[in-house]
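Thanks for asking me to look this one over.

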Amino acid sequence: MAETKIETLKPFQVDLSFAKPRITILTFIFLFLTFIGIVVGIYGLLVGHHAIYNNTREIPWGLLISGYIYFAIMSTGLCILSVLGHLFGGTTLLPLSNRSLYLSIFAILAAFLIIGLELESPWRMVWMAITPNPTSNIMWMGALYGACVAFMLLEFVLILSKRYALAFALGLLGALTEIAANTNLGAVFALISARPFWYGAQLPIYFITSALMTGAAALIFFNYIAYEVRKKPMDEDMQRATSAAGKVLLLFLVAVSLATVWRFLAIFTGGSDKGRLAAMALLNGPLAFNFWFFEIALGLVFPIIILVFGGLRNVHAMFLASLITLIGAFFQRYDLVIAGQIVHPFYGLFEDIPKYLNYSPSIFELLLLLGGTSLLVTGFLLGERYFAGVFESREH
């Protein structure tokens, strides 16, 4: 009788036996949309941002900064949830951990694509790396998020090669770095004393709670779509994992709701006049519809109602709650960015200065945002074709 040879993986050999490289037309569509966004961004660099973007000296940060924050915060939440599943291997979140890590990588790449093409002189980042300024929050933002990408990419490669102990160590470093980067991103806004709507100690903590809310919503959303794309029913473990992610989503929906209420109470009881004017722009001013419908109703109230009244036991209801949470979360970022700049800095000093400034994104800004979003979706679709076995694995 011939001997049976048992093959083992070499130290850094990647197991891709599960790969099924079948690319659908949907992937090509989103890849094309990503390409359109990149072309628009490069065109802006050539002709000047003033020619295609609607930013002004008074409102220099617009839709694209909002999009960058949205995907950066989403990446942080996904990374934290991934590490939680790997850290406590017996938890119900474990089946979602590898997919969460993969999505976190592409979420931060989408953020980098948007911010890289939003900057008028992105090549200056090279000079910033050569001559860093340790007192600059923006410098730390680039350094910390760059380190996050490196840690997460190495972690995913190590998971592919089944070196789980080292992968976990890098994952833990990546999560800690993501938390530091996320709170630092909040500090970029919170330390600008000239913008009273942003100024204060609340935003860095608000960004962390919002990261876990958005990360849980993104994980539920993409996990549901993954099984729809592959036309495969969820097994019992995956359904329990999705329900656990739904509980995380519900918890942080409540936390963000409370944080929102207390931010406004703090502004109206101890803030400056311009801070209150910015808050009023959200409550009954030019941003009121965004705030009440998208940010509050769609982004917080409706998902809480869905999840509380039976949504945690129904994957379709959790998918709906996650979808509207993701839509509302984007408007939370947009409202935060615009409201902080909407009050004219010289309002009250001269008679002809308007109370509120006007801003609406151009079609080019929308296309670049669509390009960043499409990069995340393209990465997700490719992952479901090439790394399905990794996402289904229960090893850790």
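1. Please treat the start of the chain with care: this is a predicted model, and pLDDT stays under 50 over residues 1-19. The model does have 23 contacts beyond four places in sequence for residues 1-19, but they come with that pLDDT under 50. Over the chain, pLDDT averages 87, and 92% of the residues score at least 70.

2. Now to the largest pocket, which has a volume of about 940 Å³. Its lining is made up of 30 residues, and Ile-65, Ile-115, Glu-118, Leu-119 and Ile-138 are the closest to the pocket centre. By class, the lining divides into 20 nonpolar, 7 polar and 3 charged residues.

3. Which helix gives the most to the lining of the largest pocket? That is α6, with 6 residues. Helices α2 (49-52), α3 (63-87), α4 (97-118), α5 (124-130), α6 (137-160) and α7 (164-190) each supply at least two lining residues.

4. The second largest pocket has a volume of about 290 Å³. Tyr-70, Phe-71, Met-74, Leu-326 and Thr-373 lie nearest its centre, and 13 residues line the pocket. The lining has 12 nonpolar residues, 1 polar residue and no charged residues. At least two lining residues come from each of α3, α8 (202-229), α12 (315-339) and α13 (363-386).

5. Is Ser-104 buried or exposed? Ser-104, in helix α4, counts as buried because its relative accessibility is 0%, and the cut-off for buried is under 20%. A polar atom of the Ser-104 side chain lies 2.8 Å from the backbone oxygen of Ser-75. Leaving aside neighbours within four places in sequence, the residues in contact with Ser-104 are Ser-75, Leu-78, Cys-79, Met-152 and Glu-178.

6. Finally, have a look at helix α10 (residues 273-283), where Gly-275, Leu-277, Ala-278, Ala-279, Ala-281 and Leu-282 are buried. Residues three or four places apart point the same way, because an α-helix has 3.6 residues a turn. What do the buried residues of α10 pack against? Their partners are α9 (236-270), α11 (288-308) and α12.

Methods
Residues numbered from 1 in each chain as written. Predicted model: local features only at pLDDT ≥ 70, side-chain atom pairs only at ≥ 80, totals over all residues. Heavy atoms only, no water. 1 Å grid on protein atoms, 1.4 Å probe; cavity = no way out; pocket = protein on both sides within 12 Å on 5 of 7 lines; lining within 4 Å. Points joined across faces, edges and corners; volume = space filled by probe spheres on them. Helix = DSSP H or I, 4+ residues; strand = E, 2+ residues; numbered from the N terminus. Nonpolar A, V, L, I, M, F, W, Y, C, P; charged D, E, K, R; others polar. Buried < 20%, exposed > 50% of the residue type's maximum accessible area, 1.4 Å probe, protein only. Polar contact = N/O pair within 3.5 Å; in protein donor to acceptor, adjacent residues only side chain to side chain. Contact = heavy atoms within 4.5 Å. pLDDT = per-residue confidence, 0-100.
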